[in-house]
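Hi,

Here is the structure I promised to pass on. Have a look at it first, and my notes come after.

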Amino acid sequence: MSHDLARRLTAELEAIELIDPHSHINPHSAASQTLADIMGYHYYTELAHSAGLAKSEIEDPKLSPKEKVGRLVPSLAKLNNTTQVGWLIELCQKLFGFTDDEITVENWEGLYDRSAALMAEADWEEQVLQKSNLKKVFLTNEFDDPLTSFDTDRYVPCLRTDDLVFHLSQEVVRERLAKASGVAIEDELSIANAIGKLFDHFCQRGAKACAISLPPDFSPEGVSAAAAGNACEAVRDGKDDPNARRTLSQFVFWTLAEQCAAHRLPFDLMIGVNRKVYQQGVYQGQDLFDSRVSLIQYQRLFNAFPEVVFPVSVLSQMAHHELVSYAWIFPNVLINGHWWYSNLPSYIEANCRVQLEGVPRSKQIGYYSDMYKLEFALPKFSMYRRILGKVLAENFVIGKGWSEERAVGLGHQLLRGNIETVFAVH
Amino acid sequence: MSHDLARRLTAELEAIELIDPHSHINPHSAASQTLADIMGYHYYTELAHSAGLAKSEIEDPKLSPKEKVGRLVPSLAKLNNTTQVGWLIELCQKLFGFTDDEITVENWEGLYDRSAALMAEADWEEQVLQKSNLKKVFLTNEFDDPLTSFDTDRYVPCLRTDDLVFHLSQEVVRERLAKASGVAIEDELSIANAIGKLFDHFCQRGAKACAISLPPDFSPEGVSAAAAGNACEAVRDGKDDPNARRTLSQFVFWTLAEQCAAHRLPFDLMIGVNRKVYQQGVYQGQDLFDSRVSLIQYQRLFNAFPEVVFPVSVLSQMAHHELVSYAWIFPNVLINGHWWYSNLPSYIEANCRVQLEGVPRSKQIGYYSDMYKLEFALPKFSMYRRILGKVLAENFVIGKGWSEERAVGLGHQLLRGNIETVFAVH
Amino acid sequence: MSHDLARRLTAELEAIELIDPHSHINPHSAASQTLADIMGYHYYTELAHSAGLAKSEIEDPKLSPKEKVGRLVPSLAKLNNTTQVGWLIELCQKLFGFTDDEITVENWEGLYDRSAALMAEADWEEQVLQKSNLKKVFLTNEFDDPLTSFDTDRYVPCLRTDDLVFHLSQEVVRERLAKASGVAIEDELSIANAIGKLFDHFCQRGAKACAISLPPDFSPEGVSAAAAGNACEAVRDGKDDPNARRTLSQFVFWTLAEQCAAHRLPFDLMIGVNRKVYQQGVYQGQDLFDSRVSLIQYQRLFNAFPEVVFPVSVLSQMAHHELVSYAWIFPNVLINGHWWYSNLPSYIEANCRVQLEGVPRSKQIGYYSDMYKLEFALPKFSMYRRILGKVLAENFVIGKGWSEERAVGLGHQLLRGNIETVFAVH
C-alpha cells in the first residue's frame, strides 16, 4: 500500500509544470542533435573512462558523433548498475521510443539512427520541453555573455561568477571584464564599477540569480579598500603573489554579494569543488572534493548580508547536516537541490527526508537538473519525483496522517512554489 | 505486520516510567503557565524567524504572552512539515485536548485560552509528570545555584560547568565562584580548592552528574601547576591574553575531571557547539557547529581518567561514527542521547540502529529531553520510543528472531536501566 | 514479497564459491583449536573490556583457554545486541551444532567441549573451508615472511608493508629488511633495491597484492633522491628527527607504488587508522580513527601511478562518499569491502546501495573477512550476502525491473568476479 500510495503521489507531482532553477544549457542549442550530445555528457565519458576506456578513444576530435557513441557503448555493460545509465535508458525510452532496457553493441545503431531522425525534427526542442513538462530553464551564463538572440523568458539568464572571483588575476579575464562592462579595469574601484555594470546588464535581460562554485578552502570575508587596491596593483603588475590573488578573490566575492543586495538577486553558492584533481581525466571529469569543509567558513557572509538570499548546494554529503542546521536558523540560507556527487538516489532520499524534518518548507528548493542538454531534465526530475513521492507517502501521509492533497501541496512547494518565490519567476 | 509489531513494542516502551537524564528545567517553575512559555521555546522562535518573522516582532519585552503567540502562529504554516512543530501539535493534543492537527490563525486563540486554564490548575505540574510517565528530571544548574527550595529527588541537580571552563577570565565569574565556594580566588590552587567546594555542595544536594558543552576546537589536556599559575596571574591582572585564557580553560576542565573522579560523578560531555554564529538570531537561536571535530581530541582525557564515566553527546551527525567507535573500545566512553541538531527522526533512527549493532547495550543512554519546560518530555520521548520500537521490531524481533519480551528488555535498558546504573538514581 | 525475493537472491549468492581478498589468517594454523581462539578475537575481548571486564582478567598469560572463555562468557549478556556477537552465535550454530541462541554461564561449557572435539578432528580446516564455501584466502604477510610450508594457491600471499613505511627508522626493522632481502641497508638506493627483492620474492611465491594501513594524516608524495638520502643518513645516525622519519616514510611508500607498477600488483590502501589511541586497551583493541581525513591527500599518488590498481578501504564511514566519488572518475581507484569500524550492517547496507548507484560494477570488491581465524568467514560473509541480497532485491529487481538472474549476476561480480579480475586469481 505504501508503494501504491507513493506511486499515486508521484503521479500528482508529475503533473506539475517545472521550472528548472539551475542548468548549463546553451540556449542557442538547447536540445541534442545526436546521441553523441547525450552520451558525450561527462557522466558517461567519465564513467566509461573510469571503467577502463582510454581517454584518447573518446576525445579524438576527428571522431564523428556516431563513431564516438559506438566507442562508448561497449563500456555500458560495466556501468549498467548506475543511476547515470538509468537516466540514459529512461530518456531513450521516453523520448526516442527505445524499447529495450539496455543499450548494447547489437542495438545501439538502430537507436542512434532513430533518435537522430527525431532530433532532426524542426520542433524537437519544443517536443522535449513538452514531454518533460518543463516551462523555464535557468542558465549559467559567463559574465560576458551578451544574452542576446534567445528567449530569456524561457531560458532564464543567471550570472556565473567563477571567473571573476578566481581568475581575475589573469589578464585575459580582466580584458573580458573591461570589454563586457565598458569600464577600464585599473583598480578596485573600477572592478567594483565594472561588476555593477554586469549586474545592470544581466538584470535588464531578466537574470534571476547570481551563481558561483567554490573550492572547499574558500572562506569569504570583506577586505579593506586599501588591501583590495594593493592586490589589484600587484596583479596588474603581473606579480605571482598568491596573497594578492586571494585578496582579490575575497574583494570580488564580497562585491558580488553587495551587488546581489543592491539588485535583490539570490546568490547561489555551490560549495566544495576541487578543480582538476584527476589531471588526466576526460573533459569535465576531473573535479572532486575534500569533505573537510564547513559552513562556518561562510559565517561572516551570512551575517553581513541578511538581505541577500543564499540558496546553498554542497558537494559533499558530509556537509548536508551543517546545511540543514544553518538553514534551520539563518533566514537567508536556503537548501538548494542535490548536487553532482550527491545527486544519487540514496543521498537524495536521506537528505530530502531529514531536511523536511528540520527546515521550514519555504526554504527548500527541491531539485535542479544541472543539465547540459535538454533531454536530461526528464529522467533527472523523474528520479527526484519518485523519491519525493516516496518520502511524502511514508513520512507525511503514513507517518503524520496528512491527506494526500496536503502532501502533494508540500511536494508542489519544493518542486515549483519555492522557486517562484525565491527567484521571482512565474 | 512489521508495523503492528513496532506499535506493540512501542506500547510496551510507553509503560516504562522515565528518568530524564538531561534537561534545562527550572525546578522553581518547571511547567508552563501559558502557550507562550511553550512556543517561546527557541525551536519555534528560531524556525519562525528563519522562515521570515522579524526578531523584533517576537522579542519585544512589552509583548504580552498572548500577543507573542498570536505573532508566532501565522508562521507555523511554513513550518508544519517539521518535527519540532510535530512535538507542539502532539503536546497540545495530549495535554490540552486540542483536536485539530494544525494551529492556525483561526483556532489558536481557543487553544491559548483553554490551555491557560489548564495550566492554572494547582496540580498542573503533577498532571504533566503523570501524563508523561516521568519520575525524575535531571537539571543543568549553574555552578553557583544554591540548590535550595525544590525537591532534589524529583529534580536531580547536575553541575553545569561552561562558565567555569570558558569564562573564568571574566572577573564577574571569578566573583561568582568566590561567593559560591567561600574561597578567595587568587591562584590556581584556590581555583582548584573552590571547585572542590562546589562539588562537595552539589553532591551533598544529590547531584548526579557534571556537565559541559564544548566548542569543536577544544582539546582537553593537563597543564602544569606553573603554567596554570601564570595563566591565573595574567587573567587576574586583566591582560587580554588568549593563551592565558586557553591555559586556564584547560586547567579548569582537567580539575573538573579530577573532581568527577574524586566524587564518582559522571562527566557529561556535549561536544561541538559554536556559540553566537548567527549574531542577530533570536534568543538561543544563534548557535551552530563545525563538523570538523574529532574525538581524537579527547584521547588524553579518556586515557587519563579511566575511573570517570563520560556520557558523550555529539552535535554533528558526522561525529556519530567516531562516537560509536570510541564507545566500542573505551570502557569509560558512553553514548548519550541525540542532541539538538541531531535530534531529528532520520538521524535518531540511523544512529540508534548502528549503535545497537556495534556498542554494548550497557553503554547507551537512549534519550534525554533537553527541555526547558516540562510539557516537552511527552512528545520528545514519544518520538524516541516510536523510533526505538521500530528498530527493535525490525532489527531484533524480525532480524535476529528475538522474542518481543527480550526486545522490550533491551528497550528498557536504553530508556531507563542504563540511566539508573550510570547515574546511580532509582 | 520483497523479503522472499531477498531471501531467494541471498540463497543464490550463497552458492557462489568465495575467494576472500583480505584476511589475517596464519596459514600454518588457519583454523581454531578451541573456543578461546575464536572468542579471543579482539572483537570479543575489546567489547567485554569496554563493557567492564578488566584487561588483567583476560590477558593473564597463565590462563588456560577454557578459563579464558569462562571469564569472557558472563560479559556476553551486555553484548548480545551486537553484530559481533551475532557472528559468534551463527558460527557456533553452523559449525559446532550449537542450538541455543545465547552463550551463557549455563551452557558455555558444553559448547566449549563439543567444539574442542570437533576442532580436534584432523580435517577440521577442510571442513570449515567447505562449510564456508571458501576456495582461497588472501593473507597479510609481514615483509620478511619466508612464505614457505603452506599451500600458496589456497592461502594467497600478500605483502604487508606497514613496518617498512612507518618503522624503518627502527634499527630492528632495517635489520629484518636486510636479512629478508640480502641487501645491506645503507642508503636510499639500497632500501629501494631491498624492497625490489621483497617484491621479487613475494611474486615468485604467488603474491597477489601489496597492502598497507595508513594513519589519517598521511599524504603520499614523491621525494627527491637527495632528500631521501639525507633522511636515511639521519635515521642511520640514530637522530630523533621527525622530519627525517616522515621523509623516509614518503620515500618507502612511493617506492612501493613503483614496485607495484613494475610487478603489476594491486596496492591495497586501508586508510585512516590511528594506532594505540586507547593505550590501556586489550590486545588489538587500542586503535581508533580521526574522521578528518580526505582522499585529496592521495591525489598525487593516484595521478602519478595510473597503471597501479588501488583497492581502497576507508575506516571512517565519513570517508565513504569521497571514496565513491574518487572511484567514480579515477580508473585506478576501486572500492574495497567494508572495514572494521565500518563493518556494521547499517553502514554496509548504506554503502553498498550508494556505490551500486554511482560506481561502475567492475570497480567494487564486495567484501573481505579481515579474519584472524578461518571460522569467521562463514558468519561475516553470510552477513554481507544477506545485505547484498536485500539491496539487489530492492534496488535492482524491484527498483529497476531486472530479472533475478541478472541481479544475481551483479552480485556474483561483487562477491567473486571482480576479485578474479583485479587480483588475477581464479
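Below is what I found, starting with how to read the model.

This is a predicted model, where local features need pLDDT of at least 70, side-chain atom pairs count only at pLDDT 80 or more, and totals for chains, interfaces and linings use all residues. Residues are numbered from 1 along each chain as its sequence is written, while chains are lettered from A and ligands numbered from 1 in the order in which they are written.

First, the two domains of chain A. Domain 1 covers 34-119 and domain 2 covers 129-423 (the bounds come from an automatic or database domain assignment). Their C-alpha centres are 30 Å apart. Where they touch, 16 residues of domain 1 meet 17 residues of domain 2 (contact means C-beta atoms, placed from the backbone, within 7 Å). On the domain 1 side, α2 (35-39), α3 (42-50), α4 (55-59) and α6 (83-96) of chain A each give two or more residues (helices are DSSP runs of H or I, at least four residues, numbered from the N terminus). The largest share, six residues, is from α6(A).

Then a helix pair in chain C. Helix α1 (residues 2-14) and helix α17 (residues 377-400) of chain C pack at about 125 degrees, their axes 8 Å apart (axes are lines fitted to C-alpha atoms over the stretch in contact, and angles run from 0 to 180 degrees between N-to-C directions). That angle makes α1(C) oblique to α17(C), because angles under 35 degrees count as roughly parallel, over 145 as roughly antiparallel, 65 to 115 as roughly perpendicular and the rest as oblique. Among the contact residues are Leu5(C) and Leu9(C) of α1(C) and Leu388(C) and Leu392(C) of α17(C).

Cheers

Terms used
Contact = placed C-beta atoms within 7 Å.
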